[in-house]
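Hello,

Here is the structure I promised to pass on to you. Please have a look at it first, and then read on for what I found.

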Amino acid sequence: MTKPEAHDGSRVHERGRRRDDITDRKDCIVQRVSTALRTRIGALGASALLFAVGLTASPMMTAPAHAAYGPCNTTSKRTDGLGSGGNPGNHYKIPARSGNGLSCYLAYQTGSSNAVTALQRAIISCYSGTYAANRINATGGADGAYGTGTVDAVRWLQANRLGVSADGEYGPATREQMQWPLYTSGGIYIACLNPPF
């Protein structure tokens with residue numbers, strides 16, 4: 001059975017539609033599907049890229065360097081080396097970490113109370129009259145809590161006296177630039193110095 005011809009010479013389908021119309025519709029559907037598919041693939045690719053970027057920028061991937069040595073959980077007495085006859089001599093009391101020496105950090109609500117107290121006392125004694133010492137005194141004094149007052153005090157010291165990154169967290173860079181109170185073996189305050197630890 002031959003197909004009837006349309007007025008323009010193209011063949012007509014059994015149901016009266018022209019083959020060209022059907023082909024055009026199929027092409028249109030294929031084009032819509034391929035456009036939708038490309039859009040979805042592009043969106044998935046963009047999502048994958050954002051996810052990868054998010055992973056590299058997440059806190060877990062960009063943890064501070066001090067996370068490698070941990071929070072200060074004790075203090076260490078460092079002598080000035082001038083003792084004799086069994087007397088250890090004068091000493092500094094510095095925040096420390098068990099088994100890791102002086103390489104440790106203190107941050108908001110992080111660190112043992114004796115380590116935080118040693119830092120707070122150093123700021124009060126060696127930076128008396130500054131915003132840092134006043135801020136610690138106004139927020140509980142040397143109470144062993146690394147709260148907002150201590151964060152503010154350390155940040156101010158870092159920015160105005162120590163020349164290190166002003167993030168409000170205590171770490172090796174801050175320790176090395178700070179002055180520390182020197183005490184006699186009997187615990188009497190002598191002076192504030194910047195010892196070579």
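Let me begin at one residue: T130 is placed in the loop between α2 and α3. Helices (H or I, at least four residues) and strands (E, at least two) are DSSP runs, and their numbers count from the N terminus. Before going further, please note that this is a predicted model, in which local features need pLDDT of at least 70 and side-chain atom pairs count only at pLDDT 80 or more, while totals for chains, interfaces and linings use all residues. Residues are numbered from 1 along each chain as its sequence is written, and side-chain values use heavy atoms, with hydrogens and water left out.

Leaving aside residues up to four places away in sequence, T130 touches W156 and R161 (contact means heavy atoms within 4.5 Å).

**The chain as a whole**

The protein chain has 5 helices and 4 strands, and along the sequence they follow the pattern α-β-β-α-α-α-α-β-β. The chain has 197 residues, of which 30% count as buried. Take the contacts between residues at least 6 apart in sequence: 49% of them join residues at least 24 apart.

**The helices**

Two packed helices are described by the angle between their axes and the distance between the axes. Axes here are lines fitted to C-alpha atoms, for helices over the stretch in contact, and angles run from 0 to 180 degrees between N-to-C directions.

Helix α2 (residues 113-126) packs on helix α3 (residues 131-138) at an angle of about 125 degrees, and their axes are 8 Å apart. That makes α2 oblique to α3 (under 35 degrees counts as roughly parallel, over 145 as roughly antiparallel, 65 to 115 as roughly perpendicular and the rest as oblique). On the α2 side, Q120, I123 and I124 meet A132, A133, I136 and N137 of α3. Sorted by class, the residues of this contact are 5 nonpolar, 2 polar and no charged (Ala, Val, Leu, Ile, Met, Phe, Trp, Tyr, Cys and Pro count as nonpolar, Asp, Glu, Lys and Arg as charged, and the others, Gly among them, as polar).

How do α3 and helix α4 (residues 148-162) pack, and at what angle? The angle is about 175 degrees, with the axes 8 Å apart, and α3 and α4 are therefore roughly antiparallel to each other. Y131, A132, R135 and I136 of α3 make this contact with α4 residues that include W156 and L157. The contact of α3 with α4 has 6 nonpolar, 3 polar and 2 charged residues.

**The sheet**

The 4 strands form an open sheet in the order β1-β2-β3-β4, with antiparallel pairing (two strands pair if DSSP finds at least two bridges between them). β1 (74-79) and β4 stand at the edges with a single partner strand each, so one side of each is left without a neighbour in the sheet. From one strand to the next, the twist averages 35 degrees.

Strands β3 (residues 180-183) and β4 (residues 189-193) run antiparallel and are joined by 4 bridges. In this pair, L182 stands opposite A191 and P181 opposite C192. β3 and β4 form a hairpin with 5 residues between them, and G187 in the turn has a positive phi of about 90 degrees.

Finally, α2 lies across β1, β2 (91-96), β3 and β4, and runs at about 95 degrees to β3.

Best wishes

Key:
Buried means under 20% relative accessible area, exposed over 50%, partly exposed in between (1.4 Å probe, protein chains only).
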